[in-house]
Amino acid sequence: MGAVTDDEVIRKRLLIDGDGAGDDRRINLLVKSFIKWCNSGSHEEGYTQYQRMLSTLSQCEFSMGKTLLVYDMNLREMENYEKIYKDIENNIAAAHEKIAECKKQILQAKRIRKNRQEYDALAKVIQHHPDRHETLKQLEALGKELQHLSRIKENVEDKLELRRKQFHVLLSTIHELQQTLESKLV
């Protein structure tokens, strides 16, 4: 066998001892004390061994009670951690829902902003055009002007028609006069 290192010794002791509370050593001491007590010859030595056994038993019971308390505490801590884990999962789910809702609100706000920008652009275009009252006044003025121009046009057409007739009469008279002159000259 080779030299045993400190790490190996510690590892073996932890494997034998379990959680490191020294219970195996105490039980071994208790068994040795019991054997000594059984083999003790005098009453005083037996009483001393008896007291040591009671002390060792008390230590074992204390250690066992402590281990049970730690075990119960660990169970409660596991339940507490499970509760915290569920709370965290619920909070994460709620946060995801809130994020989804906020994304919807952002999209709606973007839509509203886009609509407002379009409305503002349309309002600027509308501002450049006259309002309805002014437009109706202009239409009324243009209608009156159109009626006036229509009357002028009718008067001009009437005069033109009169001039055509007069011109036609003049041409026919000239034509007759020319025929008369030609007939006298011939």
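Reading helices, salt bridges and cysteines in a predicted model

User: In this predicted model, where is serine 55 placed?

Analyst: Serine 55 sits in helix H3, which covers residues 43-128.

User: Is serine 55 buried, exposed or partly exposed?

Analyst: The reading rests on relative accessible area: under 20% is buried, over 50% is exposed, and values in between are partly exposed. Serine 55 has a relative accessibility of 37%, and therefore counts as partly exposed.

User: How far apart are serine 55 and leucine 30 in sequence and in space?

Analyst: In sequence, 25 residues separate serine 55 and leucine 30. In space, the distance between them is 9.3 Å, taken from C-alpha to C-alpha.

User: Let us turn to charged pairs. How many salt bridges does the structure hold?

Analyst: A salt bridge is counted when a side-chain nitrogen of Lys or Arg lies within 4 Å of a carboxyl oxygen of Asp or Glu. The structure holds 3 salt bridges.

User: Which residue meets glutamate 140 in a salt bridge, and where do the two residues lie?

Analyst: The partner of glutamate 140 is lysine 144, with an N to O distance of 3.7 Å. Both residues belong to helix H4 (residues 132-185) and are 4 residues apart, about one turn of the helix. Lysine 144 counts as exposed, because its relative accessibility is 53%.

User: What can be said of lysine 153 and glutamate 157?

Analyst: Their side chains also form a salt bridge, at 3.9 Å from N to O. Lysine 153 and glutamate 157 lie in helix H4, 4 residues apart, again about one turn of the helix. Lysine 153 is exposed, with a relative accessible area of 52%, whereas glutamate 157, at 42%, counts as partly exposed.

User: How does the salt bridge between glutamate 161 and arginine 164 read?

Analyst: The closest N and O atoms of glutamate 161 and arginine 164 are 3.5 Å apart. These two residues are 3 residues apart in helix H4, so about one helical turn separates them. Glutamate 161 counts as partly exposed at 37% relative accessibility, and arginine 164 counts as partly exposed at 48%.

User: Finally, how many disulfides are there?

Analyst: A disulfide is a covalent bond joining the sulfur atoms of two cysteines. The rule applied here asks for a pair of cysteine sulfur atoms within 2.5 Å. By this rule, the count is 0 disulfides.

User: Are cysteine 38 and cysteine 102 buried, exposed or partly exposed?

Analyst: Cysteine 38 counts as partly exposed, because its relative accessibility is 46%. Cysteine 102 has a relative accessibility of 34% and also counts as partly exposed.

Methods:
Residues numbered from 1 in each chain as written. Predicted model: local features only at pLDDT ≥ 70, side-chain atom pairs only at ≥ 80, totals over all residues. Heavy atoms only, no water. Buried < 20%, exposed > 50% of the residue type's maximum accessible area, 1.4 Å probe, protein only.
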